[in-house]
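Trainee: I'd like to learn how to read a protein model. Could you walk me through one, feature by feature?
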Amino acid sequence: MSLSTAISRLESLARLSDHPGHLIRSFLSPSSRQAADLLLSWIRDLGLQTSHAPDGTLRGILPGSNPSAPPLLLGSHYDTVIDAGKYDGPLGILSALAALESLAQQNITLPFPVHVLAFSDEEGTRFQTTYLGSRSILAQLDEKTLAATDANGITLASALASEGWHHNASLIHYPPHSTRGYVELHIEQGRVLEQLNQPASTVSAIAGQTRLAITLAGHADHAGTTPMPLRRDALTGAAECILSAESLARSHPPAVITVGKIAVHPGASNSIPQRADFTIDLRHPEDNERHALTTELQERFLSITDQRNLTLDWNLVQESPATPCDPTLTSHLLNSLQAITGHHTSLVSGAGHDGVALAPAMPIAMLFIRCRDGLSHHPDEYASPEDIDTGIQILTHFLKSFTP
Ligand code: GLV
Ligand code: MN
Ligand code: MN
C-alpha cells in the first residue's frame, strides 16, 4: 500500500459520519458500521483472516511462519469524539496495514503472527466510559460498565444486545500473557515533537484519568417572580463548581481538569434551572496527586452546594491509573525510531489510549507522530504525509527486527 493509499483511506473514513456537518462516529452507530465494513474489506484485501466481535471490534490475522506462536498485536480505534479530526485512531489501524503490506512487498514472512485490531470504542463518546473495545478483548466489560447509559437512557448491555454485530460474530479474547504485546501508532496530540522538530517518538507512560458524572439539583421556579435570595438555581451552582475546578487544576500543574459536557433541566429561558448534569475529566501523571485532587474537588463541590442549598450527586464513571509502557518492548521500538529518524525520544502521553486497558494483560508500547500545532479532538487535526510515512517506516523496521 502506498502512502497515498493510506492517506486516501483516512479521507474515506473521514467521510463516514453520524452527522452531515462534522465528523462523529459513535459506538455502534450506522457510520461506525460503515467504517468497520470498509476497514474489514481493506484488511481482507491484504490477505489477512478477518473476524469481528459483537461489540464491533475487528481483527485481521497474518499467521506468519509459526501460526501457533504468541501474536504481536497492532492497531488503534475507529470511533471518534464529536467534531473530530480524521487521524485520532484510524491512523494507527491504517499504518499497521501499510507496514504489513510493505513486509509483503519485500517478501518477508515473520516468525510470529501479527494481529491487527480495530477497536470499536476508545473515546467513550456515547457511554462516557472509555476503552470499550480493548476491555472487551480481555473480557473485562464488568457489570458497572454494562449498566452505563447513553443520552437516550439505553444501557451498554442492551445496546450490545440489540445493535451489536451478531451475524457471524466471534468473541475476540486474549487471556493474560498470551501475546508478545500491543503496539499502537498514534498522533501525539500535543506540541512537544513540533517544538523538538522531530517527526516521531516512543511513549514512556500514559497519564491516569478520572471521569465523573456530576448532578446538582435545586428547584425550578418562575424566572420573573422568584427573588434572587430565594432561588435554588442548579446552573449557577454548577458554574461556581466548574470555575472552582478550573482554579484547582491551574494551581496544581501538570493537572488538567475539563468539563466538556453540561445539560440543564428544564432548559427554558424563563424557568430557574432545577438540575445541571455535567462531566469532569481529571488527569495527572501521578496517581497520588490525581486522587488527592479528586478528594479536594469533591470537598469544594460539597461546600458550594451546601451554601446554595443544592444537592450533589457525585458519580465515579471511570478511573484509569497512570500506565507505564513496557520498557523492553519500548526499547525495541526506540531502536527502530533511532534507525529511521536518528532520534531517541520518549514522551509521556496526557491522552488516554487502548494500551491503558491492555497493559495489565500484555506489554504495551506506542509510537507518536508529530501533529500540527499539537491539535487534536478538532477538525483541523493534521499530520503530514512525510511524518506518516516515517511512522510506517519505523513500524515496518520494528516488525522486521523484533526478535522477542
Ligand atoms: C482519548 O482521546 C482521551 O484521552 O480522552
Ligand atoms: Mn481521542
Ligand atoms: Mn485516540
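Trainee: What should I know about the model and its numbering before going on?

Mentor: This is a predicted model, where local features need pLDDT of at least 70 and side-chain atom pairs count only at pLDDT 80 or more, while totals for chains, interfaces and linings use all residues. Residues are numbered from 1 along each chain as its sequence is written, chains are lettered from A and ligands numbered from 1 in the order in which they are written, and side-chain values use heavy atoms, leaving out hydrogens and water.

Trainee: How many helices and strands are there?

Mentor: Helices (H or I, at least four residues) and strands (E, at least two) are DSSP runs, numbered from the N terminus. Here the chain has 12 helices and 14 strands.

Trainee: What does the radius of gyration tell me here?

Mentor: The radius is taken over C-alpha atoms, and the globule rule is 2.2 Å times the number of residues to the power 0.38. For 404 residues, a compact globule would come out near 22 Å, and the chain's 22 Å agrees with that. Along its principal axes, the C-alpha trace spans about 80 × 45 × 40 Å.

Trainee: And contacts: what percentage join residues at least 24 apart?

Mentor: A contact means heavy atoms within 4.5 Å. Take the contacts between residues at least 6 apart in sequence: 78% of them join residues at least 24 apart.

Trainee: How many salt bridges does the structure hold?

Mentor: Look for a side-chain nitrogen of Lys or Arg within 4 Å of a carboxyl oxygen of Asp or Glu. The structure holds 12 salt bridges. One of them pairs E11 with K86, with the closest N and O atoms 3.7 Å apart. E11 sits in helix α1 (residues 3-14) and K86 in the loop between β3 (72-77) and α3 (90-105), so this pair ties together parts 75 residues apart in sequence. E11 is partly exposed at 31% relative accessibility, and K86 is partly exposed too, at 23%.

Trainee: Which partner does D150 have?

Mentor: D150 forms a salt bridge with R126, and their closest N and O atoms are 3.0 Å apart. D150 is in the loop between α5 (143-146) and α6 (156-163), and R126 is in the loop between β4 (114-119) and α4 (132-136), 24 residues apart. There's also a bridge between D387 and R370, at 2.7 Å from N to O. D387 belongs to helix α12 (residues 385-401), while R370 is in the loop between β14 (364-369) and α12, 17 residues apart. Both D387 and R370 are buried. Salt bridges with shared partners also join R126, D150 and E163 into one network.

Trainee: Where are the cis peptide bonds, and what is omega there?

Mentor: Omega is the value to read for a peptide bond: the cis bond joining P253 and P254 has an omega of about 5°. P254 is in the loop between α8 (234-250) and β8 (256-258). Another cis bond joins H265 and P266, with omega about 5°, and P266 lies in the loop between β9 (262-265) and β10 (275-284).

Trainee: What about phi at N107?

Mentor: N107 has a positive phi of about 55° although it is not a glycine. N107 is in the loop between α3 and β4, and at 68% relative accessibility N107 counts as exposed.

Methods:
Buried means under 20% relative accessible area, exposed over 50%, partly exposed in between (1.4 Å probe, protein chains only).
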